[in-house]
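Welcome! Take a look at it first, then read on.

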Amino acid sequence: MPSGLSIPRRVPRSALVMFAASLGFFFVTATTFTSLGYVLYTMIAELGWSKAAAGLSFSLLGLACGLASPLPPMLMKAIGTRLTVFAGCLVLAIGFFIASQIHHLELFFVATTLMGVGFSLVAPSPAVYLLATWFPRTSSRMIGFYFMTGAAGGIAGPLIVGTIVGLTGNWRLHWMVMAASALVLGVISLLCIRDAVKVESVDQVKGAGHEGDGPAASPWTVRQALMTPSFVILALAMTVVQTVVTTTHSILVAHIAQLGQGAAPGAIAMSLLAFAGTGAKGVTGSLCERVDPRRIFIAGLAVQALAMALLWSASHVLVATVAAALFGMGWGMAWLSAHILLLRYFGAGIAGDMTAMATTVTTLAVFGPIGAGRIADVTGSYAPALLVFALMLVAATAMSMLFLRAPTRTEEPEALEPAELVPAE
C-alpha cells in the first residue's frame, strides 16, 4: 500500500460509522412517518378501506415505534450495535415486503407495526451511542448533524414516494423498492458500523452523549418534578402538538387532494412542512439563548393554531401548501423550545428523565389519526378534524400563556435561587 494511503484506522472507520448512521436515520424518516400518508392515499382508493382504518395503521406505526424504544439498548448489550441496526433493517424490509403483498387490512397492520419496531432499532438510540463514543470531543456537533440528516429524510421522503407512485401508479412497487433499499442499508450497516466502546449496560446507551457534559445535580427529584404544574402543562401541550403533527402527516396529502388537483401537491406540501420544521428547529436553538424559551414555545403553538385554521378554511391548493409550511415552522419552534424549557426548569441532572416522561405522555398522539379518519368517514372531509386541531392548539396556547411558569420548591428555600435552577447552557 502506498505511504500516502496509510491513514490511521480510526479516522476512516469513524467516518464510515457517521455515514451509515446518518443514512439510516435519513432512510427510516423518509420511508415511514413522513411519506406513509401519501402511500395510504393511493392504497385507500384502490382497496376501499375506511379512512379510520387507514388512520389506525398510521397510529400502529407510532405506537410500535414508542413501545419498541427499550429494545435497542438491550439488543446492543446482547449482540452489539452493528447487528442491532442490521436487525432493524431486516425488520423494516419484512414490513415493507408484507405491505407490498397485502390485500387485507389486518396484514397491513402487521406491516406498519414491524415498520415501527424497525425504526426504533435503526434510529436514533443506536446511532447516538455510536456517535457519542466515536466522537467523544465533538459528539454534540456530530449528533446535531445526524439529526439534521434525519430531518432531511422528511423533506425527501414524500417527493421520492410521489415520484415512484406518480410515474408508475403502483404503490406495491413502492413498497418493494423500500424493502430492497432496507436490505441494502442493512448490508451497508454490516460493512460500516463498529462499536468504539462495547455496550456493557442499558444505562450506558441511555446516557450516551451526556457523560462528558458533567451535568450538575438537579435541585429536583424526578418524582417532585412530575408533580409540578409546569411539567403537567408542558406535557399536555406537547401531547397536543404531537397529536396534531402525527395526524397531519397521515392526512395532509388526502386533504389537499380533495381540493381538486390530485395527490402531487400534497407531497410538495409535506416536504415543505418538513423543511420549515427543520429550519425552525435550527433557528430556535440559537434564539433560545437570547429570548425566553417560554415565549418561543407559546408563539410556536399560536403559529400552529393559525396554520390549522388556514388548512381548515383553505379552498385553494396554494393556501393549503402555505399553511403546511407555516405549521412546520410552528412545530419546530414549539417542539425544540419545550425541550429547552424542561432543561431550564428542572436542571440538566434529570433533563433526560423528564424528556422521557413527557415523550411517554405524548404516546397518546396515536389516537389522532384514528379520530381524524373517523371524522372523514362520517363527514366526507378532514376539514372538521382540522378545525378541532386548531381549537386544541388555541387551548394549549392559552393554557401556556396563563399558567406556564418556572417551578418553585417550597420545602427548600435555598434551592429557589434562579442561578441554581437555570443551567448556563
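## A tryptophan and its neighbours

Let us begin with W312, which is found in helix α14 (residues 293-313). The model is predicted, so please read every value here as computed from that prediction. Leaving aside residues up to four places away in sequence, W312 touches A383, P384, L386 and L387. From W312 to S189 there are 123 residues in sequence, and their C-alpha atoms are 43 Å apart in space.

Another partly exposed residue is L173, with a relative accessible area of 36%. L173 sits in helix α9. Together with F97, M176 and V177, L173 makes a nonpolar surface patch of about 310 Å². Helix α9 (residues 171-192) gives the largest share of that patch, 3 residues.

The two residues can be set side by side:

| Residue | Helix | Relative accessible area |
|---|---|---|
| L173 | α9 | 36% |

Next comes a pair of helices. The axes of α7 (residues 125-134) and α8 (residues 139-168) come within 8 Å and cross at roughly 150°. This crossing of α7 and α8 is right-handed. On the α7 side, the contact is made by A127, V128, L131 and A132, while α8 brings S139, M142, I143, Y146 and F147.

Finally, look at the loop between α6 (105-122) and α7, where P124 has its place. The peptide bond from A123 to P124 is cis, with omega near -5°.

Definitions and conventions
Residues are numbered from 1 along each chain as its sequence is written. This is a predicted model: local features need pLDDT of at least 70, side-chain atom pairs count only at pLDDT 80 or more; totals for chains, interfaces and linings use all residues. Side-chain values use heavy atoms; hydrogens and water are left out. Patches are made of residues with over 30% relative accessible area and no salt bridge: like charges are joined within 9 Å, nonpolar side chains (Val, Leu, Ile, Met, Phe, Trp, Tyr) within 5 Å. Accessible areas come from the Shrake-Rupley method with a 1.4 Å probe; for residues, only the protein chains shown count as cover. A salt bridge is a side-chain nitrogen of Lys or Arg within 4 Å of a carboxyl oxygen of Asp or Glu. Helices (H or I, at least four residues) and strands (E, at least two) are DSSP runs, numbered from the N terminus. Buried means under 20% relative accessible area, exposed over 50%, partly exposed in between (1.4 Å probe, protein chains only). Axes are lines fitted to C-alpha atoms, for helices over the stretch in contact, and angles run from 0 to 180 degrees between N-to-C directions. A crossing is left-handed if the near helix is turned anticlockwise from the far one by less than a right angle, and right-handed if clockwise. Contact means heavy atoms within 4.5 Å.
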